[in-house]
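Q: Hi! Could you walk me through this structure before I set anything up?

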Amino acid sequence: MEFSTLQTIRRELHQIPELGFQEVKTQQYILNTIKAMQTDRVDIKTWKTGVMVRVTGENPRKTIGFRCDMDGLPITEQTGYPFQSMHEGNMHACGHDFHMTIALGALKKMIDEPINDNIVFLFQPAEEGPGGALPMIQPEILGEWKPNVIFALHIAPELPVGTVSSRPGLLFANTSELFIDFTGKGGHAAYPHLTRDMGVAASNFVVEMQQVVSRGVAPLESAVVTIGKIESGFVQNAIAETARLEGTIRTLEPATIDVVKEKLEKLMRGFEISHECSIHVDYGSNYYQVYNDQKWVDLFAETMQRSEISYQEANPAMTGEDFGYMLKEIPGFMFWLGVNSPYGLHNAQLQPDESALEAGVQTVVDSIKAMSA
Ligand SMILES: CC(=O)N[C@@H](CCC[C@H](N)C(=O)O)C(=O)O
């Protein structure tokens, strides 16, 4: 695919960001694009809002999988792009528009330049939540299309274009969403002593919970607890009866998540007594760590060293990815693709450099060919 075609696809996808399992227009866009490339060797299946495409190889001995994610985030875009999101309040702020475009570019190339092995492209919904990877790889969905090896990429705003990065072992953290609901007693702003103010309880909780990591988790283990959203109250002169905190827990070890949850729950019980309220916690979706297979990362690094792309060893990151569930089941790896944006992932001004699209397609195609060799 020409750069201009990749750019058009990216921009058109960028305009229609949809949240997890609502990717209806995105699915249709992907299906239309693939149908325009249709040859006898391509089969397409859909699952919920996802798309699965198999390119049959000329003399297949195995199936190589490439997965990309499809959903956007509930963030109001502030890039000022002329092709800004048309879905008010939603944005492709995690680069999934890039991931899908690169997958489509690589798919076209693999149709035009057949290899011996089968290739399966998985366009997976709901990576940001509630998680599409685990249900998508169930035998009743994938069936005989299950890959023998699988890989995926994620854009890296802090890396220059033309650079990729990965590592054997742990690349991304274990995650759990965190939703905490406080219920007390509301009332007039002038009579606080007659109420149980959940604005105050939740605010204190956000401050106190910082000590769960600093004092509850062993210093050589790593954890993050972040509250990304706080909701409470309706009007300036009434005391809020309820409050809701929404956040996420991240750890490098799967077991540390349970330590953090136990400490948070103890803190909640204490807050119920001291603030005379009830507190309910829901852990939403939980993602397993992204753990890369040494053999496939080594092959990837060697392949990149023979190309114009520069390979760097990555550090583990506290980002999460439900691709971890695919890697738990199927050997493979994930890598970062440099896109050189001054604003990071999940930022309303994320502006990845589109010249990384061609580098992304080339990297995926070279990797598929190397895995098949
Ligand atoms: C790469 C990336 O940014 N992934 C997301 C995954 C979110 C998982 C879940 N909704 C959670 O917040 O725990 C991330 O925020 O790391």
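## Chat notes on the model

A: Happy to, and one place to begin is glutamate 128: beyond four places in sequence, glutamate 128 is in contact with Gly20, Asp71, Leu73 and Cys94. Keep in mind that this is a predicted model.

Q: Where is glutamate 128 placed?

A: Glutamate 128 is in the loop between strand E4 (118–124) and helix H4 (133–136).

Q: And is glutamate 128 buried or exposed?

A: Glutamate 128 is buried, because 23 other C-beta atoms lie within 10 Å, and the cut-off for buried is 20 or more.

Q: Which residues does the UniProt annotation "active site" cover?

A: The "active site" annotation, from an unreviewed UniProt entry, covers Asp69 and Glu128. They span 60 residues in sequence, yet no two of their C-alpha atoms are more than 8.8 Å apart, so they gather at one spot.

Q: Tell me about aspartate 69, then. Which strand is aspartate 69 found in?

A: Aspartate 69 is in strand E3, residues 63–69. With 27 other C-beta atoms within 10 Å, aspartate 69 is buried.

Q: What does aspartate 69 touch, not counting residues up to four places away in sequence?

A: Aspartate 69 touches His96, His99, Gln124 and Glu127.

Q: OK, new topic. What does UniProt list for "binding site"?

A: The unreviewed entry lists Cys94, His96, Glu128, His154 and His346. These residues are spread over 253 residues of sequence but cluster in space, with a largest C-alpha distance of 12.8 Å.

Q: Let's take histidine 96. Which helix is histidine 96 in?

A: Histidine 96 is in helix H3, which covers residues 96–112. Histidine 96 is buried, as 27 other C-beta atoms lie within 10 Å. Setting aside neighbours within four places in sequence, histidine 96 is in contact with Asp69, Met70, Asp71, Gly72 and Glu127.

Q: And where is the place of histidine 154?

A: Histidine 154 is in strand E5, residues 149–156. It counts as buried because there are 25 C-beta neighbours inside 10 Å. Its contacts, leaving aside neighbours within four places in sequence, are Gly95, Glu321, Met334 and Trp336.

Q: Now the ligand. Which residues surround the ligand?

A: The ligand is surrounded by Cys94, Glu128, Gly129, His154, Thr175, Glu177, Thr248, Tyr287, Thr319, Gly320, Glu321 and Leu345. Of the "binding site" residues listed by UniProt, the shell includes Cys94, Glu128 and His154.

Q: How do the residues of that shell divide into nonpolar, polar and charged?

A: Three are nonpolar, six are polar and three are charged.

Q: Which domains does the shell around the ligand draw residues from?

A: Domain 1 (3–171 + 289–372) and domain 2 (174–286) each contribute at least three residues to the shell.

Q: How far apart do the C-alpha centres of those domains lie?

A: The C-alpha centres of domain 1 and domain 2 lie 35 Å apart.

Q: How many residues of the two domains are in contact?

A: Eight residues of domain 1 are in contact with nine residues of domain 2. The side of domain 1 that touches domain 2 has four nonpolar, four polar and no charged residues.

Q: Last one: which strand holds asparagine 292?

A: Asparagine 292 is found in strand E15, residues 290–292, and counts as buried because it has 23 C-beta neighbours inside 10 Å. Leaving aside neighbours within four places in sequence, the contacts of asparagine 292 include Ser166, Arg167, Val297 and Phe333.

Key. Residues numbered from 1 in each chain as written. Predicted model: local features only at pLDDT ≥ 70, side-chain atom pairs only at ≥ 80, totals over all residues. UniProt positions renumbered as here; feature names shortened; annotations may be inferred. Helix = DSSP H or I, 4+ residues; strand = E, 2+ residues; numbered from the N terminus. Buried ≥ 20, exposed ≤ 12 C-beta atoms within 10 Å, placed from the backbone. Contact = placed C-beta atoms within 7 Å. Near = placed C-beta within 6 Å. Nonpolar A, V, L, I, M, F, W, Y, C, P; charged D, E, K, R; others polar. Domains from an automatic or database assignment.
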